[in-house]
Amino acid sequence: MSKTLEGKVALVTGGSRGIGAAIARALAKDGADVAISYAASRDAANAVVEDMQALGVRAKAFQADQGKPDEASGLVAAVIAHFGRIDILVNNAGVMVLGQVHERANNLAEFDRMFDVNVRGVAAAVRAAAPSMSEGGRIISIGSVVGESTPFAGAADYSATKAALLGLTRGWARDLGPRGITVNAVQPGPIDTDMNPDQNGEFSDAQKGFTALGRFGTADEVAAAVSFLASPAASYITGTALTVDGGFNA
């Protein structure tokens, strides 16, 4: 099997479970050495590291809270110190809190936390990583279909963070394009994870109903999109969003 990312170093934030873990394993299968970050799940992170090491690549887990810009930038510095470089940055760590605005007058702390993790932490990581990236570098952020539409009540705050992420992606593509670095987003729809499980009663049934395929996606299906954008085959793709949603936004 071709190792399209052999010799590359990738950092996947929030890589201890769900979509992040699937992305980390996929990049390792493609030959990249992979660092992952985790907030609290040390054992889960170490299990992912062992899976990647079994594929014959270097791998390591680092603890960092992506909602704290100094930790997000410190994570990048630690990865560069350990591996010598970062070629691929995957901004996957994120949080989601749902609730309608008229019910959330006293929940601005949760609003701030979502922006801290989903937007400010990403901005801090990119600011720290981009100066050291060379031509062929890849920055890939995990957005959401709700960054372009909000098909149900209660998702406004979360949607706003993902819309901001898409705006940053487009702008960063302009900033870094002259250096040969691509910047893209992957926008998942309903994906079966512990954050949004497939079997969750009326809420998950409604999401399936929005899709053209009538089902949830898998973390591996999102990881495949990230692997493509990280590969040499995507060298002329930048400033865009690859939507992996089963037709949710069709």
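Strands β2 and β3 pair in the parallel sense over 5 bridges, where pairing requires at least two DSSP bridges between two strands. This is a predicted model, in which local features need pLDDT of at least 70, side-chain atom pairs count only at pLDDT 80 or more, and totals for chains, interfaces and linings use all residues. Residues are numbered from 1 along each chain as its sequence is written, and side-chain values use heavy atoms, with hydrogens and water left out.

Helices (H or I, at least four residues) and strands (E, at least two) are DSSP runs numbered from the N terminus. β2 also runs parallel to β1, joined to β1 by 4 bridges.

| Strand pair | Bridges | Partners |
|---|---|---|
| β2 and β3 | 5 bridges | Lys60 and Ala35 |

In β2, 6 of 6 residues are buried, meaning under 20% relative accessible area with a 1.4 Å probe, protein chains only. Asp33, Ala35 and Ser37 lie on one side of β2, and Val34, Ile36 and Tyr38 on the other.

The largest nonpolar core has 37 residues, and Ile23, Leu27, Val34, Ile36, Met52 and Val186 have the most contacts inside it. Such a core is a set of buried Ala, Val, Leu, Ile, Met, Phe, Trp, Tyr and Cys residues joined through side-chain atoms within 4.5 Å.

Helix α4 (residues 108-129) bends by about 40 degrees at Asp116, the angle between axes fitted to the seven residues ending there and the seven starting there. Its buried residues include Met114, Phe115 and Val117. The buried residues of α4 pack against α3 (69-83), β4, β5 and α5 (156-176), with contact meaning heavy atoms within 4.5 Å.

Conventions. Buried means under 20% relative accessible area, exposed over 50%, partly exposed in between (1.4 Å probe, protein chains only).
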